[in-house]
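Take a look at the model below.

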Amino acid sequence: EVQLVESGGGLVQPGGSLRLSCAASGFTFDDYAMSWVRQAPGKGLEWVSAISWNGDMTYYAESMKGRFTASRDNAKNTLYLQMNSLESEDTAVYYCAKDVLRVPRYEYDYWGQGTQVTVSS
């Protein structure tokens, strides 16, 4: 079965950095685009970033642009999100999600369980 397992979350001070990972299994990882989506406390889902099947094309929400970098290692079936210059507003549960197409359609058929990121001094 398809599994997406996020890791790398934790507590970080404002201005700090974290690198999230998403280990994928149960499907042909390099046939699909992937996204990161987050949910802040009491808020709805917010799209963060997307990456094409081979990593050649990446997309970011405006507030993340220049701070966050999505990447993937298809040989390891792993998706990454490098987060720099973190702000308190970045506090959220971060999910990886499998897109239905090779390039981002922003439609997801599988989600991970999420990893908590807390930005606080």
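Lys 65 is partly exposed, with a relative accessible area of 49%. Partly exposed lies between two cut-offs: buried means under 20% relative accessible area and exposed over 50%, using a 1.4 Å probe and protein chains only. The partner of Lys 65 is Glu 62, and their side chains form a salt bridge with N to O at 3.5 Å. A salt bridge here is a side-chain nitrogen of Lys or Arg within 4 Å of a carboxyl oxygen of Asp or Glu. Glu 62 counts as exposed, at 62% relative accessibility.

A word on the source. This is a predicted model, in which local features need pLDDT of at least 70 and side-chain atom pairs count only at pLDDT 80 or more, while totals for chains, interfaces and linings use all residues. Residues are numbered from 1 along each chain as its sequence is written, and side-chain values use heavy atoms, with hydrogens and water left out.

How many salt bridges does the rule give? The count comes to seven. One of them joins Asp 31 to Arg 102, with the closest N and O atoms 4.0 Å apart. Asp 31 sits in the loop between β3 (18-25) and β4 (34-39), and Arg 102 in the loop between β9 (92-99) and β10 (108-111), so the pair ties together parts that are 71 residues apart in sequence. Asp 31 is partly exposed at 32% relative accessibility. Arg 102 is partly exposed too, at 40%.

Another salt bridge pairs Glu 107 with Arg 105, at 3.2 Å from N to O. Glu 107 has a relative accessible area of 38% and is partly exposed. Arg 105 is partly exposed at 45%. Elsewhere, salt bridges that share partners link Arg 38, Glu 46, Arg 67 and Asp 90 into one network.

Now the backbone. Tyr 106 lies in the loop between β9 and β10. Its phi is near 65°, a positive value in a residue other than glycine. Tyr 106 counts as partly exposed, at 39% relative accessibility. Ser 85 also has a positive phi, near 50°, and is not glycine. Where is Ser 85 placed? Ser 85 is in the loop between β8 (78-83) and β9. Its relative accessibility is 40%, so Ser 85 counts as partly exposed.

Step back to the fold. The chain has zero helices and 11 strands. Helices (H or I, at least four residues) and strands (E, at least two) are DSSP runs, numbered from the N terminus. The radius of gyration is 13 Å, close to the 14 Å of the globule rule for 121 residues, so the chain is as compact as a globular protein of that length. That radius is taken over C-alpha atoms, and the rule is 2.2 Å times the number of residues to the power 0.38. Along the principal axes, the C-alpha atoms fill a box of roughly 40 × 25 × 25 Å.

Packing comes next. Buried residues make up 42% of the 121 residues. Of the contacts (heavy atoms within 4.5 Å) between residues at least 6 apart in sequence, 55% join residues at least 24 apart.

Last, the charges. The chain carries 10 positive and 14 negative charges, and their mean positions are 2 Å apart. Lys and Arg count as positive and Asp and Glu as negative, leaving out His and the chain ends. Each charge is placed at NZ of Lys, CZ of Arg, CG of Asp or CD of Glu.
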